[in-house]
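Please look over the sequence and the model below. The report that follows covers loops, a ligand site and a sheet.

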Amino acid sequence: MYDTNLPTAELQALDAAHHLHPFTDGSGLIHKGARVITGAEGVWLTDSENNRILDAMAGLWCVNIGFGRPEMAEVAAAQVRQLSFYNTFFQTTHVPAVHLAAKLAELAPGELNQVFFNGSGSDSNDTNIRVVRHYWAAKGKPEKDIIISRWNGYHGSTMGSASLGGMKGMHSQGGLPIPGILHIEQPDWYFEGGDMTPEEFGLARARLLERAIDKVGEGRVAAFIAEPIQGAGGVIIPPETYWPEIQRICDEREILLIADEVITGFGRTGNWFGSQTLGIRPDVMTVAKGLSSGYAPIGASLLSDEVAQVINDAGEFNHGYTYSAHPLCAALALENLRILQDEDVIGHVQTVAGPYLQEKWKALEDHPLVGDASIVGMMGSIAMTPDKAARARFASEEGTVGLICRERCFANNLVMRHVGDRMVIAPPLVISEDEIDIFIDRAVQSLDETHARLKADGLMVAA
Ligand SMILES: *Cc1c(COP(=O)(O)O)cnc(C)c1O
């Protein structure tokens, strides 16, 4: 297959010589050397130094059924033998694509019965930009082309999807955003809510959508896109008043609602989709990540019957990817959905591991460094603060404390990610109660070490 015997230092040197890593300061990595992951099973990673690392990030928010399932390996081998590739252009289809589209239509809520396949979450959101603009043009309203999204939202890293996203660091490189995208502020009550109650703040932030629509005119706005719960932005769970108000505005103003469920889909929040957990009725839904549990790259745009009908009636839709509905990826997605269903993984999140993890996670609020520990289903975050009463940020540059904590987690063989000075988690949904105990022990240890370090370095200072 490949040489499995190279020592770590040689792998790191070769990696540094030829491999540019995503979202990484390359020059920094060259000196440090990347951690080399060699295998994984369940919730456990193995590295080239034979450490066993608990992965509380499910790879990158995606390995919902856990790593290394033999059923998946068998399906992959069988599909490669049967049909390794064929496209779905030019009036052809193939068996895994047929079944997967039907399965997604069955699982997705409401009228989301139509599927356009893509290669990833980013591709899917690029498809969505084209779908919603083409939809309004086909209805005789081509000037309805603006898409409203949120600062600190994440929708991917292609030109279109990164423009939808509200990551200022991404916009600062490569000439983003593309025209026709407007951003409003996010519903982050903990750090931005000031003196408002969460309920007041949720309404206020939702009404920014109404203000933005009024400003450019309803006749110009095609859609609003948001993650039901922001993931890469720091697992920011909106106040309960937020989504009902957003839904009201979208309904009243005749704009399409796109729910980006790339993280929240496939059981992450304790239902099949985050839209069900948060009471959202989207016209378009983006899925990827948990769709295949990361066993193969695949994404999809789920469209309501009405949206799809308008697109279909408008002649040829001039869009598609070579790997739309790639048979290997589609077969793996189907097997992943079968496992989620047959093993009642969502029931496990709802009634077993979910409540157990939520209780332990909430208890972290007793830690001196933790201002807020939020969790829905199996995605959670902790906001670290030097002053709990004031919900203060640190005086140090944002992310300094988060990075220290992430390094401590790494040293304790735990993967938690930091977003600014929040720590975020999204473990495989199949995690057991025993594994949750180990996870929380390592998290507390890492928080203790971070706290000690901050005190020693004089960093427990509010901004
Ligand atoms: C990861 C992510 C994407 C992008 O998916 P890729 O497969 O990395 O292109 C889009 N939206 C959300 C909400 C995501 O978390």
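Where is the place of Ala325? Ala325 sits in the loop between α13 (305-313) and α14 (327-342). Keep in mind that this is a predicted model.

## Backbone exceptions

Ala325 is not a glycine, yet its phi is positive, at about 60°. The peptide bond from Leu176 to Pro177 is cis, and its omega is near -5°. Pro177 belongs to the loop between α8 (168-171) and β6 (181-184).

Why point these out? Most residues other than glycine have a negative phi, and most peptide bonds are trans.

## The ligand shell

Which residues are around the ligand? They are Ser120, Gly121, Ser122, Asn125, Tyr154, His155, Gly156, Glu227, Asp260, Val262, Ile263 and Lys289. By class, the shell has three nonpolar, six polar and three charged residues. Helix α6 (residues 121-138) gives the most to this shell, with three residues.

## Polar contacts and cover

Start with the oxygen atoms of the ligand. One lies 3.4 Å from a polar side-chain atom of Ser120. A polar backbone atom of Gly121 is 3.0 Å from an oxygen atom of the ligand. On the nitrogen side, an N or O atom in the side chain of Asp260 is 2.8 Å from a nitrogen atom of the ligand.

How much of the ligand's accessible area does the protein cover? On its own, the ligand has 390 Å² of accessible area, and the protein covers 83% of that.

## The four-stranded sheet

Four strands make an open sheet. Their order is β11-β12-β15-β14, with antiparallel pairing. β11 (370-376) and β14 (417-419) stand at the edges. Each has a single partner strand, so one side of each is left without a neighbour in the sheet. From one strand to the next, the twist averages 25°.

β11 pairs with strand β12 (residues 379-384) in the antiparallel sense, over six bridges. Ala373 has Ile382 of β12 as its bridge partner.

## Helices on the sheet

Two helices deserve a look here. Helix α15 (residues 345-363) packs on the sheet and touches β11, β12 and β15 (422-425). The direction of α15 makes about 165° with that of β11.

Helix α16 (residues 400-411) also packs on the sheet. Its contacts are with β12, β14 and β15. The direction of α16 makes about 45° with that of β15.

Key: Residues are numbered from 1 along each chain as its sequence is written. This is a predicted model: local features need pLDDT of at least 70, side-chain atom pairs count only at pLDDT 80 or more; totals for chains, interfaces and linings use all residues. Side-chain values use heavy atoms; hydrogens and water are left out. A residue is near a molecule or strand if one of its heavy atoms lies within 4 Å of it. A polar contact is a pair of N or O atoms within 3.5 Å; within protein, one must be able to donate a hydrogen and the other to accept it, and residues adjacent in sequence count only if both atoms are side-chain atoms. Accessible areas come from the Shrake-Rupley method with a 1.4 Å probe; for residues, only the protein chains shown count as cover. Ala, Val, Leu, Ile, Met, Phe, Trp, Tyr, Cys and Pro count as nonpolar, Asp, Glu, Lys and Arg as charged, and the others, Gly among them, as polar. Two strands pair if DSSP finds at least two bridges between them. Axes are lines fitted to C-alpha atoms, for helices over the stretch in contact, and angles run from 0 to 180 degrees between N-to-C directions. Contact means heavy atoms within 4.5 Å.
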